[in-house]
Amino acid sequence: MAIGGIELLTLVSTSTMVFLAAVLRGFTGFGFALAATPLLALLLPPAQVVPTVLLLQVGSSLVGLQTTLEEHDRSATWWIGLAAAVATPFGVWLLAIIPADVARVVIALVSLGGLASFRTGFQLGGRPNHWLSLGTGLLAGLLGGLCAMSGPPVIAYFLSRPTPPKQARASMILIFLMTGLIGLTSGAIAGLFTTTIAIQAALLVPSMVLGTWLGSTLFNRSAEAVFRKAAFVALGLIAMTSLVAAFY
């Protein structure tokens, strides 16, 4: 039995994968692509995975967008987001110069730096430095263009600042929405979004919405320490997967 051209068993399995990734994203404000991409690649053709994840990732950022806009850190979010938007095309251009594996090592190092700052209690200070915000955004955009992983610099930035969890989470959601929209535009220009992918993503939307809602509900009921520990674990996973991808 098939629904929208997708076998029922495949649809149930991929819906479960998207649900789990969306719970992580709903709780921390990031990590949807990190979790969903390798899982969906087990069942779907590689050419379908990235555009499907990209569509769902942007969609997950729109869930609860009004609350996100009310809670984000205005002093840093737009500086980082705009800088990342400007730098992303240059990251794509650098693909012709810098091997993707080198970029993955850089991602691992940035992630490990964020982990170290968390463990040692290092803080960047209460008031954000606009130059540091710009630098974070530029690095995020370059890495996003190089290997579609703009998250680590942004996550490390917010882990190293005494930003309240609600502000940090909302800020990351907005920043990744901006970079995701750039990815959507680039993908559309490149012709990545076929009818099959659109149907596939539409069938997975309910799981994405439900998972995002559950993750957000768990976040609202959790203590600040739980959020920071979850972000710490996710950043560690990014570092590990980046190193494995680079060397193996």
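Reader: At what angle do the axes of helix α1 (residues 8–28) and α9 cross, and within what distance do they come?

Author: In this predicted model, the two axes cross at roughly 125° and come within 8 Å. An axis here is a line fitted to C-alpha atoms, for helices over the stretch in contact, and angles run from 0 to 180 degrees between N-to-C directions.

Reader: Which residues make the contact?

Author: From α1 these are R25, G26, F27 and T28, and from α9 they are R169, M172 and I173. Contact means heavy atoms within 4.5 Å. By class, the residues of this contact are three nonpolar, two polar and two charged. Nonpolar covers Ala, Val, Leu, Ile, Met, Phe, Trp, Tyr, Cys and Pro, charged covers Asp, Glu, Lys and Arg, and the others, Gly among them, are polar.

Reader: How are the values to be read?

Author: Local features need pLDDT of at least 70 and side-chain atom pairs count only at pLDDT 80 or more, whereas totals for chains, interfaces and linings use all residues. Residues are numbered from 1 along each chain as its sequence is written, and side-chain values use heavy atoms, with hydrogens and water left out.

Reader: How many helices and strands are in the chain?

Author: The chain has eleven helices and two strands, and along the sequence the pattern is β-β-α-α-α-α-α-α-α-α-α-α-α. Helices (H or I, at least four residues) and strands (E, at least two) are DSSP runs, numbered from the N terminus.

Reader: Why does S171 count as buried?

Author: Buried means under 20% relative accessible area, exposed over 50%, and partly exposed in between (1.4 Å probe, protein chains only). S171, found in helix α9, has 0% relative accessibility and therefore counts as buried. Not counting residues up to four places away in sequence, S171 touches H72, D73, T77 and F158.

Reader: How do you know whether T179 and M208 are buried or exposed?

Author: T179, also placed in helix α9, has 16% relative accessibility and so counts as buried. M208, in helix α10, has a relative accessible area of 4% and is therefore buried. Leaving aside neighbours within four places in sequence, M208 is in contact with V18, A22, F32, L56, G59, S60 and V63. Of the 248 residues of the chain, 46% count as buried.

Reader: What is the volume of the second largest pocket, and what makes a set of grid points a pocket?

Author: The volume is about 240 Å³. On a 1 Å grid over the protein atoms alone, a pocket is an open set with protein on both sides within 12 Å along at least five of seven lines, whereas a cavity is a set of points where a 1.4 Å probe fits but cannot get out. Lining residues have an atom within 4 Å of a point. Points are joined across faces, edges and corners, and the volume is the space filled by probe spheres set on them.

Reader: Which residues are closest to the centre of this pocket?

Author: Of the 16 lining residues of the second largest pocket, G64, T67, R169, S216 and N220 are the closest to its centre. The largest share of the lining, six residues, comes from α10.
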